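Open your viewer and get ready to select a few residues at a time. We will walk through two chains, one stop after another.

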Amino acid sequence: MDHQIYILIVEDELEVMDAIVNDLAAFEDQFPIETANSSEEAKQVITSIYESEQEVGLILCDHILPGENGVELLIELSTLTHTQNSKKVLVTGQAGLEDTVKAVNQADLNHYISKPWTKEQLSDVVTEQLTDYVIEHKANLLPFMARLDGTRLSEAMRNRPLTDH
Amino acid sequence: MKLSSKQITGIVLGALGLCFPLFITLPGLSFAGHVGLGIFFLAAVFWMLEPVPIYATSMLVILLQVLLLSKEGLLFPETVADYTPTGYTAFIQTLASPIIILFLGGFVLADAAVKYNLDRNLTRILLKPFGSKPKYIMLGLMVVTGLLSAFMSNTATTAMMMTVIIPIIARIDANDPLRIGLILSIPFAANIGGIATPIGTPPNAVVIGALSAQGINIPFGEWMLLAAPFAVIALIICWLLLLGLFKAKATHIELDVSGTFNTSRNAIILYVVFATTVILWITEKSHGMKSAIVALLPVAALTVTGVMDKADIRKLPWEVLWLVAGGISLGISMQQTGLAEWIVTGINWSSFGAILMIVVFSGVVILMSNFLSNTVTATLVIPLAVSLASSGVAGEGFNLIIISLVIGVSASMAMMLPISTPPNAIAMSTGILESRHMTKAGFIIGLFALILVTLYALMYWPLIVN
């Protein structure tokens with residue numbers, strides 16, 4: 001498959017980054033994972049993914065980052081054409097109410113995961129968000145049935161004109 | 001858009017096929033026949049290698065026929081010695097032929113059923129009596145799938161049933177072969193169920209359309225009388241086979257059959273229109289109103305009452321109607337140019353006995369349709385049967401209706417590969433089974449189908465047709 005949907009993780013603490021990548025290992029065969037340690041790097045990664053004609057389906061972002069913080073980054077990304085459709089998840093323990101509200105209102109935040117999370121919780125959220133993403137943006141849902149939420153994908157297919165030829 | 005090498009091969013071969021009359025002259029075939037054969041080559045290559053979508057090929061076929069074979073076209077402005085060109089309307093009016101209108105009625109009903117959740121709610125109700133034993137649950141799933149796919153597209157039925165079955169399978173132990181049996185039971189039952197009514201699946205339309213071009217009208221009820229008993233037996237064989245191949249370890253399955261019917265005004269109108277239409281279709285003999293006329297009832301009633309709005313009408317699978325119309329149109333020109341007759345006279349058919357003829361047609365169609373679209377397979381093979389009948393070269397005992405049924409039914413019995421039918425592709429995509437499971441079960445079903453088709457064609461269908 002030449003066209004791939006990437007998962008982007010933005011996190012400055014190495015141990016946390018490793019933990020997230022490990023927890024999401026099961027997705028990697030179909031959804032390659034890219035990582036960035038800062039907002040600046042995240043934007044570079046996004047540009048390079050976009051330039052190789054791939055797309056970013058999901059962004060998991062920490063709030064406290066060097067330089068621009070996570071909420072500001074997500075707000076910025078929600079205005080860019082490459083990433084406005086990407087599902088955006090804040091993974092953090094330190095975002096205050098005000099920042100979180102800002103993220104929901106201005107960055108179309110899709111989910112908020114508070115630290116610490118469990119592997120199951122994280123993988124459920126990723127499944128749900130990627131399922132939403134492919135239902136909204138992909139014509140052919142079959143390649144995602146096995147890895148994502150097959151029941152919801154089947155339901156989405158049922159509501160599209162399906163034929164026998 | 002980058003073209004794959006398979007697409008390029010398809011386009012080159014198709015173009016060569018279309019142009020062949022410029023280079024080669026076949027003895028005994030008129031020039032119009034050559035042109036017809038060129039169009040047939042192009043269509044066959046395009047349908048097999050799919051450089052463009054199969055419905056697009058059908059659209060192209062209609063255009064080429066109008067341009068090259070009609071009275072208003074480029075090549076035959078006047079009648080020539082061996083070809084009387086027909087008006088272009090003969091080709092374009094296939095789009096409004098009775099079988100197309102019948103399908104349109106079926107589409108509107110099926111889409112409205114999905115919109116108001118009738119399909120899912122019926123599934124819940126119908127599954128209730130099947131209890132919680134795995135083997136009866138599988139039977140229940142297959143019966144419901146078969147029943148729904150007789151009126152809806154096999155693919156839409158499969159997608160809906162996947163929403164029912166995936167949660168069930170998730171609760172079964174990962175090493176239990178029952179999971180494989182269950183996931184296969186849905187596409188197989190959907191493929192088989194499509195056989196039961198004229199609107200069940202497009203190959204039926206191809207067959208009925210071809211017969212009607214020969215002046216043979218198959219009423220809705222008669223098709224059901226011919227095909228539904230076949231579908232029922234095939235479904236039971238398939239069930240027993242899946243039980244045998246994938247022996248369940250679980251002894252009990254929880255099934256969530258709760259759910260309530262939509263009782264809004266629109267949903268009630270749909271239930272009434274659906275029931276009335278189906279009853280009128282089945283009882284055509286008693287009131288004499290043709291099924292295509294009855295099909296206008298849901299089309300008009302559901303739009304007049306606003307049950308289906310503009311967006312719903314736009315969502316109908318219009319390309320299927322083009323696909324079938326293109327096939328019917330191709331059949332017409334093969335007849336009129338003398339091409340079909342020329343093809344069949346090359347073979348000494350009378351040396352084929354009745355049984356051999358049935359086995360060959362069924363076997364070839366099952367084989368082809370494992371690799372090609374079922375509709376395309378039926379479209380490519382049916383003109384052969386029609387010309388065998390009209391040219392009279394077939395031996396005694398050749399019955400066009402029976403051979404047409406053999407072709408139509410066999411086209412739906414190919415289910416060895418994920419690419420054989422869209423329902424198979426959906427089941428395969430779940431990742432619950434491996435393709436060898438599908439191939440093994442599908443191969444055995446194909447063999448049984450060959451035997452079953454032969455038995456029906458020799459013993460049961462003649463009782464109804466004659």
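**First stop: a helix in chain A**

Select helix H5 of chain A: its buried residues pack against strand S3 (55-61), strand S4 (87-92), strand S5 (111-114) and helix H6 (150-158) of chain A. Here packing rests on contacts, and two residues are in contact if their C-beta atoms, placed from the backbone, lie within 7 Å. Helices (H or I, at least four residues) and strands (E, at least two) are DSSP runs, numbered from the N terminus.

Before going further, note that this is a predicted model, in which local features need pLDDT of at least 70 and side-chain atom pairs count only at pLDDT 80 or more, while totals for chains, interfaces and linings use all residues. Residues are numbered from 1 along each chain as its sequence is written, and chains are lettered from A and ligands numbered from 1 in the order in which they are written.

Which residues of H5(A) are buried? Colour Val125(A), Val126(A), Gln129(A), Leu130(A), Thr131(A), Tyr133(A) and Val134(A) to see them. A residue counts as buried if 20 or more other C-beta atoms lie within 10 Å of its own, as exposed if 12 or fewer do, and as partly exposed in between, with C-beta atoms placed from the backbone. An α-helix has 3.6 residues a turn, so residues three or four places apart point the same way.

Now check the helix's length. H5(A) covers residues 119-137, and at 1.5 Å a residue its 19 residues should span 27 Å; the end C-alpha atoms are 27 Å apart, which agrees. The expected span is 1.5 Å times one less than the number of residues.

**Loops of chain A**

A cis peptide bond joins Lys115(A) to Pro116(A), with omega about -5 degrees.

Then pick Glu53(A), in the loop between helix H2 (39-51) and S3 of chain A. Its phi is near 60 degrees, a positive value in a residue other than glycine. Is Glu53(A) buried or exposed? Glu53(A) is exposed, with 9 other C-beta atoms within 10 Å.

Asp108(A) sits in the loop between helix H4 (97-107) and S5 of chain A. Asp108(A) is not a glycine, yet has a positive phi of about 50 degrees. It counts as partly exposed, with 16 C-beta neighbours inside 10 Å.

**Across to chain B**

Show both chains: the contact takes 16 residues from chain A and 30 residues from chain B.

In chain B, select helix H8 (residues 154-170) and helix H21 (residues 422-429), whose axes come within 8 Å and cross at roughly 25 degrees. H8(B) and H21(B) are therefore roughly parallel to each other (an angle under 35 degrees). Where they meet, Asn154(B), Thr155(B), Thr158(B), Ala159(B) and Met162(B) in H8(B) face Pro422(B), Pro423(B) and Ile426(B) in H21(B).

Stay in H8 of chain B for Ile169(B). Leaving out residues up to four places away in sequence, Ile169(B) touches Arg179(B), Leu182(B), Ile183(B) and Ile432(B).

**Last stop: a buried glycine**

Find Gly327(B) in helix H16 (residues 318-336) of chain B. Gly327(B) counts as buried, with 30 C-beta neighbours inside 10 Å. Apart from neighbours within four places in sequence, Gly327(B) is in contact with Ser58(B), Val206(B) and Thr379(B). Finally, draw a line to Tyr55(B): Gly327(B) and Tyr55(B) are 272 residues apart in sequence and 9.8 Å apart in space, C-alpha to C-alpha.

Key. Axes are lines fitted to C-alpha atoms, for helices over the stretch in contact, and angles run from 0 to 180 degrees between N-to-C directions. Angles under 35 degrees count as roughly parallel, over 145 as roughly antiparallel, 65 to 115 as roughly perpendicular and the rest as oblique.
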